[in-house]
Each structure stands twice: as C-alpha cells, then as structure tokens.
Amino acid sequence: MKCSIRVGRCGGSKMANPDRFSLTEVLGSFKECLTDKGEILQEHYLEGWKGLVKFMNSLGSAFSFISHDAVTKIQILEDYRHGANGQKYLTIQSMVKYEVDNKLVDLTKQGDHWDSGCRTLLRLHRALRWLQLFLEKLRVASDDSKTSVLCTEAYQDSLAKYHPWIVRKAATVAFYMLPSRANFFEVMNMGPTEKVVSILGEALPVVAKTYDITEDLYSQHGLLDLP
C-alpha cells in the first residue's frame, strides 16, 4: 500500500499554518537528521526537504520544476520507509548498504530498479546542493544584488550539468521572476533581514554537513553518477 504524504502537513508539525515556510523548522529537521555517529536519519532528512519544498512553492513558478520533482522523490522514499523493509531505510547509510548488497541499484543503465532509494535520494541530494549554494550567496550578498543572478550562478555550479539544454534554458528564464533580496527574506518569515542572515548562518553549515556526508557515502560506493 502506498503511503500518502502532503508536503504542507508534516507529521508532528506545530505550525499554525501547515503550508507556511519556516526556516527554523527546516534547520531543526536537518539538525535532527544527523546522529552522533554521522549517520543521516531519513525521517528527519525528508522532513527538512518538505520544508524546502514549501519554501520553493512560496516563490511561485520559478522553482516549480524542482519542487514538483522533489515531492515525487520524497513520496518514493516515504513508501520505502513505511514498506516491508522499512528498517533498511532508517538511515541513508543503511539504505545504501541494503540496496547495494542486494543489487537493487541500476549502476550503469536504467533497468528494473529505476526508482531505487539510492537513485531517488541522489536527485534530492543534487538539488540540495543547489539550494545550499543559492541561500549562501543570498546570505552574503548586498541588498541591491539581483537574486536572479545569484540563483543562476548557483544552478550553473550544481544542477545544470544534469539537465538537458531545454530545461537549463527554461530554468534560467524562470529565475528572472524571483523577487528582490528583501522580499525573498520576507518569505522566510523570520523578521528583519539581520535575523534571517543570522539564522541562515546557523542553518547552512548543518545542511552542508548533511550534503558532505551523503556525497562521501555515494562516492565510496560509486553511486554519484547513477543513470
């Protein structure tokens, strides 16, 4: 049986408005997903991603080509977590070991395991790098910086190489619709710009650590270029 999720209504959420983006909740989820042993708990990792999807949705159509795909990927991983082998998907590390050991990953070309947990999470992993780079650029930028330029630079340095030309072109055009830096920060619902910058300064290193651990794990198992 498929397990249904709603990105705007995460289990255990304390938000008054379930569709409202909260940077502090995203920070909390990514903090909770990291164990003392450096493992990544999928439950909290996906909760963090649900928050990022709400962030992208709040900005209109500019990020829709990523947010729609992210929702699909989150759903697939949720189904694995709640499935018959759910314990194998407790952490990203346990998922990789289980799928690699049991040859449940298509390593060179798409086959029967096109929706494996490893391949599915890899797509979220790549998108996380883009959002990390963009938000860091936004954090250190001046008030008159163009968010469209910042976002395009982050995209070119991360996701663009995995997309065909038509998608890259459409993405670049969509980024021109992004609001100003000040309006961008308003979406984060954290108060004055100084407070948003401070919270981003706390959140982004946590996101970066999560990304780096996943990157190293996938590199060790030769999973970074799954078809």
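How many cavities of 30 Å³ or more does the structure hold? The structure holds one. This is a predicted model, where local features need pLDDT of at least 70, side-chain atom pairs count only at pLDDT 80 or more, and totals for chains, interfaces and linings use all residues. Residues are numbered from 1 along each chain as its sequence is written, and side-chain values use heavy atoms, with hydrogens and water left out.

Rolling a probe the size of a water molecule over the atoms shows where empty space is left. On a 1 Å grid over the protein atoms alone, a cavity is a set of points where a 1.4 Å probe fits but cannot get out; a pocket is an open set with protein on both sides within 12 Å along at least five of seven lines. Lining residues have an atom within 4 Å of a point.

## The largest cavity

The lining has 13 nonpolar residues, one polar and no charged.

## The second largest pocket

Now for an open space: the second largest pocket has a volume of about 220 Å³. Its lining has 14 residues, and Ile-66, Asp-69, Arg-123, Leu-159 and His-163 are the closest to its centre. By class, nine of the lining residues are nonpolar, one is polar and four are charged (Ala, Val, Leu, Ile, Met, Phe, Trp, Tyr, Cys and Pro count as nonpolar; Asp, Glu, Lys and Arg as charged; the others, Gly among them, as polar).

Note on methods. Points joined across faces, edges and corners; volume = space filled by probe spheres on them.
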